[in-house]
Amino acid sequence: MIYTKCPECNLNYVKEHETYCSECLKKMNVRNNAYHETHIWDPPLTFTVINEKVNNIKTGFSVLIKNQKAAVLFAHDIKDNTEGQAELCFFPAFYKTYGKWRKVFINKFPIMFSTIEERLKKERAITFTTDERHRKNR
């Protein structure tokens, strides 16, 4: 059996089939690792939006992660309470690492696409670090 350090606290050890140690699970209010078998925890993501427009069906901007073009930043266009929020659409080569889509939250606040668009009129590139998130493992 292989043991690794817990990715949350980096102190306790977990078995290879577990995601977090029991102490961290208590802090997260999770009773067991069953939730983590169906969900993936994505750590904060640092990315750079560059002033390079991408026109597919709608206008977006190119996104670099670790100096690689990895996604396009679009405005969420579904008519709901998140309309206009910035979201990342990852390229297929990055699906396994980041998923297909990720809305941009910083300090638990959504970032609007129009805000980024206005800043890019003055700057060539903007770097962000998003909040962590949980997503379904498909």
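## Strand pairing around β6

In this predicted model, β6 (68–75) and β7 (86–90) run antiparallel to each other, paired over five bridges. Helices (H or I, at least four residues) and strands (E, at least two) are DSSP runs, numbered from the N terminus, and two strands pair if DSSP finds at least two bridges between them. Within this pairing, A71 has F90 of β7 as its bridge partner.

β5 (59–65) joins β6 in the antiparallel sense too, again over five bridges. Here V63 is the bridge partner of A71 in β6. These two strands make a hairpin with two residues between them, and K66 in the turn shows a positive phi of about 55°.

## The buried side of α4

Now to the helix. F113, I116 and L120 are the buried residues of α4, where buried means under 20% relative accessible area, exposed over 50% and partly exposed in between (1.4 Å probe, protein chains only). They lie on the same side of α4 because they cover an arc of only 65° around the axis, the arc being that of the directions from the helix axis to the C-beta atoms.

These buried residues pack against β4 (46–55), β5, β6, β7 and β11, with contact meaning heavy atoms within 4.5 Å.

## E123 in the loop

E123 sits in the loop linking α4 (113–120) and β11 (125–129). It counts as partly exposed because its relative accessibility is 32%. I50 is 73 residues away from E123 in sequence, yet their C-alpha atoms are 8.7 Å apart in space.

## Notes on the model

Residues are numbered from 1 along each chain as its sequence is written, and side-chain values use heavy atoms, leaving out hydrogens and water. As this is a predicted model, local features need pLDDT of at least 70 and side-chain atom pairs count only at pLDDT 80 or more, while totals for chains, interfaces and linings use all residues.
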